[in-house]
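Work through the exercises below with the coordinates open. Each task is followed by a solution in steps.

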Amino acid sequence: MKSLNRYMVFTLARTPQCALCSARVCYREPQKSKPVFCPLESMRDVVEESLRIYRENEFVKRIAIAASLVEKEGYGVWPRLREIVEFAKKLNIKKLGLVFCIGLCNEARAVVEYLESRGFEVYSVCCKCSGVDKTFLGLREEDKLRPGVHESMCNPIAQALILNRVGTELNIVLGLCVGHDTLFIMYSKAPVTYLAVKDRVTGHNPLAAIYARNYFRARLGEE
C-alpha cells in the first residue's frame, strides 16, 4: 500500500475509514489486498449480511436494480429531477410525496407540476404544517429568527405522518433543514430520496464549501 497520510496514521485502529482510502480496490479489483480499516476485511460478516438482504427481500432488490438502471441510462445526462421520475417508473410507483421548506414554495409548486405532468399522483406537505410556535419545544423568544412574534416550528414528524396516512409510495425531500430532514426520514414509512438540500449560503449547493474551501474557511469555522 502507498504511504499513509497524516490522517490515516491516527485512525488505523478505527474501521471503517473508506474516506481515507486511496486504493479503492473495492470498485474494480476487490480480490486485491486492502487497508486494515477496510470493511471488506474487518466487517466481512456485515457485508455478507447485506448481500443476504438483497437476495431475500424482493422490494430491496427491486430498488437496487432500478437505481442501477437509472445510473446506467441517465448518468451525466439526466438532472436529478428526471432521475427520480425514471426511478419511480421502474418501480411502478404512482403516489409520490413531497416535503419542502416553506422558503421553497415556488420550487415545490414547479416540482409538483412537473411530476404530475409525468403521470404521478403527488401529495405535498410544507414544513410549517402544524402552525405551532417554537416555544412549544422550550425555545426562548431570543432563540427565534424574529423574537417577539409568532414563529411556527418546523414539524417534519407531522409531514411524515401525513404522508404515511395518505399512503405515498416514495417520498421526496426538497430543502428541509439539517435535523428536520433527519426526523422526517426517521418517521417516514415510505422510502425517501432527496431532490435538494437546503444551503442558503451556497445556493443550495453544499459541496461548494468543499470545492471553494479557502473562500468558505471562516464560515466553516476553520479560522
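**Exercise 1.** Where is the place of Asn92?

Solution. The model is a predicted one: local features need pLDDT of at least 70, side-chain atom pairs count only at pLDDT 80 or more, and totals for chains, interfaces and linings use all residues. Residues are numbered from 1 along each chain as its sequence is written, and side-chain values use heavy atoms, with hydrogens and water left out.

Step 1. Asn92 sits in the loop between helix H5 (80–90) and strand S1 (95–100); helices (H or I, at least four residues) and strands (E, at least two) are DSSP runs, numbered from the N terminus.
Step 2. Its phi is near 60°, a positive value in a residue other than glycine.
Step 3. Asn92 counts as exposed because its relative accessibility is 54%; the classes are buried under 20% relative accessible area, exposed over 50% and partly exposed in between (1.4 Å probe, protein chains only).

**Exercise 2.** Find the loop of His204 and classify its accessibility.

Solution.
Step 1. His204 lies in the loop between strand S4 (192–196) and helix H9 (208–211).
Step 2. Phi of His204 is near 60°, again a positive value in a residue other than glycine.
Step 3. With 29% relative accessibility, His204 counts as partly exposed.

**Exercise 3.** Which residues does the cis peptide bond join?

Solution.
Step 1. The bond is between Thr15 and Pro16, with omega about 0°.
Step 2. Pro16 belongs to the loop between helix H1 (6–9) and helix H2 (39–42).
Step 3. As background, most residues other than glycine have a negative phi, and most peptide bonds are trans.

**Exercise 4.** Give the strand order of the open sheet and describe how helices lie on it.

Solution.
Step 1. Four strands form the sheet in the order S2-S1-S3-S4, with parallel pairing; two strands pair if DSSP finds at least two bridges between them.
Step 2. Strand S2 (121–126) and S4 are the edge strands, each pairing on one side only.
Step 3. Neighbouring strands are turned by 25° against each other on average, direction ignored; axes are lines fitted to C-alpha atoms, for helices over the stretch in contact, and angles run from 0 to 180 degrees between N-to-C directions.
Step 4. Five bridges join S1 to strand S3 (residues 170–174), and Val99 stands opposite Val173 in S3.
Step 5. H5 packs on the sheet and touches S1, S3 and S4 (contact: heavy atoms within 4.5 Å); its direction makes about 155° with that of S4.
Step 6. Helix H6 (residues 105–117) lies across S1, S2, S3 and S4, at about 170° to S1.
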